[in-house]
Amino acid sequence: MPDDSQPDGSNVIIRPARDVRGVVRIPGDKSISHRYAMLAAIAEGTSRFHNFSAARDCASTLDCVGKLGCEWKRQEDGSIEVLGAGARLKAPSQVLDCGNSGSTMRMLSGILSGQPFSSELCGDESLSRRPMARIMKPLTEMGAQISSSENGRPPLKIRGGALKAIHYKPEVASAQVKSCVLFAGLFAEGETIVEEPIRTRDHGEIALRAFGAEVGRIGNSSRIAGGQRLRAIEAHVAGDLSSAAFFLCAAALFPGSQITLPGILMNPTRARLLDILIQMGLKVSVAHLEEHHGELVGTIEAHGATWKGAVIAGGDTAALIDEIPVLAAVAPFSQGGLEVRDAKELRVKESDRIAAVATNLRKMGAEIEERPDGMRVPGGQHLHGAELDSFGDHRIAMAFAVAALRAEGETMIQGADAAGVSYPAFFEELKTVAGR
Ligand code: S3P
C-alpha cells in the first residue's frame, strides 16, 4: 500500500520517515476566520477575507450566517466575500447546523441572543456531547431565553431580544465563552465586562476592534459598550499556529530536520507554543514580522535538535490546549518526557483527548500515566506502528500521523478524514515534507 494514502477516504497509512524538510503554507487561522465571518455578518458593508481558513468548522460558520440572511461567496482568487446584514439578521427558516464546531455554536449564540427572533442550533454527535452551560449562564443573565437538551448539551434553542450588560467571571478559562459574551455585549444596554480566571486568546477583542468597535482591556478584564456599529473590512488571515504545530513537532522528532512556515499567526496569546518547543530543544527563528489588523504574523523556521522534556501546567495549559495532543504524541521520543497538569478541559473537546492520547500511545507500545486532569508520558521510549483511531477528532488524527513518522513499521489511522475539520490538506502536506 502506498505511504500516507487514504485507501478508502477515511483511513490513512503512515510509514516511518528519515527526516522532515521543506516549506509548508499553512491555511488561515480557524479562530480568527470564525470571528471574522460572524462579525462581517453583522457589519455594514462588504468584507473580504484572503487566506480564510479551509477548515470544515469555518464552512459551518459560513453556512450558519448564510441561513441568517447574510450572503457570502468564494471569489475566483479563493478569497471569501461576506455581504454584511448590519446589526439585524434574518430569522432562520431552518435549524442552524454547527457540524463539529464548538466555536460556531458558542460564539454565534452570543450574536443570536441579541436578535429579536428564535433560532435553534444543532451539531454532530461529538458536538452534541459538549457542554453549553458555560454560555447559557451568562447569556441568560443578559436576558436571552435559552434551552438545551439534558445536562446543558446541544441542541440549543435561543429566543433573543433586548439584552442588558453584565460583569461576568467565567469559571472555565475559555476564549469561546469570552467572545460569546463580548459579541452579545454589542447588543446589550450598558458596558459588558468579562473577567477571565486565566488569560485566553484575544482574537475576539482584536477582531472587534478591526471592525471598528471599541474594546477595553484592563488587567484580566475585557469590556465592550453596547450599541456600537461594525464596519466591513478587507483582511488577510494569518496561517494557523495550531496547524503549524504538527509540522513543528514533526521537525522536532528528527535532529537535522528543517521546516519553513511562512505567514504564521504570532499572537502572543497563542505563541506560548514556540516557547515550549524551544525549551524542549527545537531551534526556532521568526522572521518578517508584520501586523495585520492587530494580529502579529511571521515566518517560522525550525530545525530539529536534541528533544528534551517539559511540564505544562496552569496558564500554559490554557494557552496550549489545542497543541497538547501533538506534544503528548511525540513526547515518548523526547529525552525527559512530558507532564501535563490542569487540563480537565481536554476531556470535553471534540473527543476526550486525554483518553484518546493514552489509548493510541498504548497501542503503539508506549507507557503513559493517565490522570483525571492530565497525563505523564515518560521519554526515551521506542514505539511501533499500530492501528489507531482518530476518535472522530481532527487533532488526534494529525497528532498520531506525526508520531507515526518515528515509529517502527506502518501505522494506520482510522477515521483520518476528521483532519478536514481544521486542515483538509494535512496528509498531502505531511507527505511532501516527510523524507524517506
Ligand atoms: C478557541 C478556543 C479554545 C480552543 C478552540 C478554539 C477559540 O476553546 O480549544 O479550538 O477560537 O476561541 P475553549 O474556548 O473552549 O478553551
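Asn 51 sits in the loop that joins β4 (46-50) to α2 (56-67); helices (H or I, at least four residues) and strands (E, at least two) are DSSP runs, numbered from the N terminus. The phi of Asn 51 is near 55 degrees, a positive value in a residue other than glycine. The peptide bond from Pro 154 to Pro 155 is cis, with omega near 5 degrees. Most residues other than glycine have a negative phi, and most peptide bonds are trans.

The model is predicted, with local features needing pLDDT of at least 70 and side-chain atom pairs pLDDT 80 or more, while totals for chains, interfaces and linings use all residues. Residues are numbered from 1 along each chain as its sequence is written, and side-chain values use heavy atoms, without hydrogens and water.

The table gives polar contacts, pairs of N or O atoms within 3.5 Å.

| Residue | Atom in the residue | Distance to a ligand oxygen atom |
|---|---|---|
| Arg 35 | side-chain N or O | 2.6 Å |
| Ser 174 | polar side-chain atom | 2.6 Å |
| Ala 175 | backbone N or O | 3.1 Å |

Of the 380 Å² of accessible area that the ligand has on its own, the protein covers 94% (Shrake-Rupley method, 1.4 Å probe).

The largest pocket has a volume of about 880 Å³. On a 1 Å grid over the protein atoms alone, a pocket is an open set of points where a 1.4 Å probe fits, with protein on both sides within 12 Å along at least five of seven lines, and lining residues have an atom within 4 Å of a point. The volume is the space filled by probe spheres set on the points. Of the 46 lining residues, Ala 173, Ser 174, Ala 318, Ile 321 and Lys 349 are the closest to the centre of the largest pocket. α9 gives the most to this lining, with 5 residues. Domain 1 (11-27 + 238-435) and domain 2 (30-235) both contribute lining residues, so the largest pocket lies between them; the bounds come from an automatic or database domain assignment.

Conventions:
Polar contact = N/O pair within 3.5 Å; in protein donor to acceptor, adjacent residues only side chain to side chain.
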